[in-house]
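The sequence and the structure come first, and the discussion follows.

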Amino acid sequence: MSASRRPMFGEQQRFVLLLIAPAALLMLLFQVVPIVIGANASFRDWALYNPKKTWIGFDHYAAVISDPAFLYVVLPNTFLFMVLSVAGALVTGLALALLLNRPFRGQKLVQTILLVPLMVAPVVAAIMIRWIFNDQFGIANVVLEAIGLEGQPWLVQRWSAFGIILLTDIWLWTPWFTLLLLAGLQSLPKEPFEAAAIDGTTTWRVFRYLTLPMLRPVIVVCVVIRAIDAFRTFDIVWTLTGGGPGRSTELFSLYAYVLAFLNLDLGRGSAAAIVGGLIILVLGVVMYRLVDRIAKA
Amino acid sequence: MPMVTRPAFLPGLPNWSRKTFFALALAAICFAFAFPVLWLILTSLRPESGVYYVHRGTEFTLGNFKEVLGQERIVEAFINSAVISTLATVFSLLVTVSSGYMLSRFTGPAARMWFGTIYVFRCVPYISWVLPLYFVVQSWGIYDTYVGLLLPHIAVHICFFSWLMKGFFDGIDPSMEYAAMIDGCSRWGAFIRVAIPSALPAISALAVLCWLFTWNEFLFALILTGNRVPVITVVMAQFVTEMGLHWNLMAATAVMALLPAFLIALFGQKYVIRGLRI
């Protein structure tokens with residue numbers, strides 16, 4: 001048989017590879033390479049002021065995992081934050097999406113106002129909230145005192161600071177849920193709702209037995225995306241409290257950042273970052289399985 | 001045609017009181033959502049002397065904006081942020097539209113592997129790769145430059161936007177593309193001339209989001225830039241620590257940082273809602 005040389009890839013394979021080539025290259029250079037370097041650094045004595053780079057094995061990991069601040073403050077904070085922030089933003093976002101999905105006068109204006117937080121940079125939001133809850137001049141305390149209550153040093157008490165961080169985050173991300181859920185609501189088929197309206201079904205039952213099940217795939221995707229993002233929140237905490245008072249509102253990203261760039265210990269910072277990365281990776285895979293199952297059900 | 005009546009909201013109440021209740025609740029929600037921003041704007045319009053008694057004074061001024069705009073570093077930061085956001089949007093779209101198209105139209109092992117990669121990297125916390133990225137970027141000599149901030153930004157957009165893009169293309173019937181290919185279009189021709197135009201609403205939505213995300217981003221900029229490429233979020237955060245007491249100036253800067261994002265989102269919201277159907 002005459003061996004007409006076939007190209008290594010068929011036309012289709014070449015097309016497929018070319019479509020993802022730029023993305024893959026960028027990811028290789030700016031995600032894979034750094035992660036490999038970070039993994040390497042996490043096994044070495046790599047302090048920014050004294051980079052000896054001697055191999056020390058799992059010492060940094062042991063130090064991070066046995067650090068009480070990490071175990072008893074940072075991790076619980078991060079998980080608590082993740083759960084409450086996602087739950088809060090989902091419930092508010094869903095309520096607002098349902099509200100915006102029925103036509104009323106001034107709907108456009110309301111919609112625009114509700115989307116405002118989406119445009120606000122988390123750093124800007126944190127600055128605003130810090131100013132509002134300033135213990136001497138903040139409007140929150142002014143209002144409290146005006147109605148005869150005592151002003152609170154909001155940002156220097158652990159739980160009030162944590163609550164304010166949480167509220168800021170929910171405020172920031174509610175529009176994100178609203179947007180995606182509203183888009184989802186608008187793409188639902190009309191017929192079941194018309195049938196329900198003719199039957200005179202109550203609003204609550206329509207929501208419970210029609211809207212919610214049909215919206216479920218969108219909800220699940222939103223929750224997974226936001227949960228992963230909430231785990232790595234950095235900017236609002238950094239600007240609002242810097243992790244304080246003490247280290248009581250520190251989240252995982254802050255912990256790694258402080259180790260690497262304030263304590264100048266890149267090795268241990270990388271190890272902490274990798275520990276967190278592994279945790280969220282496991283969570284992410286579990287959540288992905290869940291998404292798959294729920295979306296198919 | 002039979003009138004389809006919606007089941008009553010708060011049944012048992014007279015119509016007018018239901019309407020008033022609805023309007024009041026709506027007003028309260030809007031107020032709660034807008035309050036922080038309103039308060040910021042109000043603060044930015046106060047002279048330094050009045051800013052601590054904002055609720056009492058009546059004096060307003062544009063002096064804060066004048067003072068902030070007189071600071072070279074802040075103006076520079078605005079320009080940098082705008083340039084980087086725009087470039088990042090253009091390049092991210094170029095890269096992610098094609099990658100999302102691939103994810104949607106092909107089902108082989110390559111597509112599955114690519115989707116897995118994207119999902120896994122989407123989960124990796126920023127800090128885990130930005131931290132060593134600091135060293136990578138430094139050893140390549142692009143630390144504290146436009147390129148050194150721009151490329152990581154594009155890289156971080158890949159996962160999320162490819163995923164969203166896949167969803168959009170999933171919603172578009174591929175038969176038009178097949179028809180074009182039967183008529184003699186190449187695969188690239190079908191992609192560029194048929195698929196992209198029909199995905200334009202989604203692409204506009206992504207452009208708006210991408211621009212906003214880049215403009216608002218903080219951690220990358222904090223770690224990957226020093227003094228030469230100030231961006232607005234970092235400059236503002238430095239404000240808090242270094243000039244902690246000039247709330248009026250800080251508010252003015254923050255309001256200006258809000259403005260372009262606000263305009264973009266205002267004009268883009270139509271596309272975002274229409275485009276974001278996953």
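How do the residues of the lining of the largest cavity divide into nonpolar, polar and charged? In this predicted model, the lining of the largest cavity is made up of 20 nonpolar, six polar and seven charged residues. The cavity itself holds about 670 Å³ of space, and a search of the whole structure finds five cavities of 30 Å³ or more.

The 33 residues that line the largest cavity include W173(A), D229(A), D235(A), Y126(B) and F213(B), which lie nearest its centre. Both chains supply helices to this lining: at least two residues each come from helix 5, helix 8, helix 10 and helix 11 of chain A, and likewise from helix 4, helix 5, helix 6 and helix 9 of chain B. Helix 6 of chain B gives the largest share, with five residues.

D229(A), one of the residues nearest the centre of the largest cavity, also takes part in a salt bridge in which its side chain meets that of R122(B), at 3.1 Å from N to O. The count of salt bridges between chain B and chain A is one, while eleven residue pairs, both members at pLDDT 80 or more, are in polar contact between these chains. On the side of chain B that touches chain A, the largest share, 13 residues, comes from helix 1 of chain B, residues 15-44, and that side as a whole divides into 77 nonpolar, ten polar and four charged residues.

The extent of the contact between the two chains is set out below.

| Item | Value |
|---|---|
| Residues taken from chain B | 91 residues |
| Residues taken from chain A | 97 residues |
| Area buried between chain B and chain A | about 8800 Å² |
| Share of the buried area on carbon and sulfur atoms | 81% |

D67(A) is placed in the loop between helix 2 (59-65) and helix 3 (68-101) of chain A, and a polar atom of its side chain lies 3.0 Å from the backbone nitrogen of A69(A). The C-alpha atom of D67(A) is separated by 30 Å from that of F30(A), a residue 37 residues apart from D67(A) along the chain.

Note on methods:
Residues are numbered from 1 along each chain as its sequence is written. Chains are lettered from A and ligands numbered from 1 in the order in which they are written. This is a predicted model: local features need pLDDT of at least 70, side-chain atom pairs count only at pLDDT 80 or more; totals for chains, interfaces and linings use all residues. Side-chain values use heavy atoms; hydrogens and water are left out. Contact means heavy atoms within 4.5 Å. Buried area is the accessible area (1.4 Å probe) that two parts lose on being put together, summed over both. A salt bridge is a side-chain nitrogen of Lys or Arg within 4 Å of a carboxyl oxygen of Asp or Glu. A polar contact is a pair of N or O atoms within 3.5 Å; within protein, one must be able to donate a hydrogen and the other to accept it, and residues adjacent in sequence count only if both atoms are side-chain atoms. Helices (H or I, at least four residues) and strands (E, at least two) are DSSP runs, numbered from the N terminus. Ala, Val, Leu, Ile, Met, Phe, Trp, Tyr, Cys and Pro count as nonpolar, Asp, Glu, Lys and Arg as charged, and the others, Gly among them, as polar. On a 1 Å grid over the protein atoms alone, a cavity is a set of points where a 1.4 Å probe fits but cannot get out, and a pocket is an open set with protein on both sides within 12 Å along at least five of seven lines; lining residues have an atom within 4 Å of a point. Grid points are joined across faces, edges and corners, and a volume is the space filled by probe spheres set on the points.
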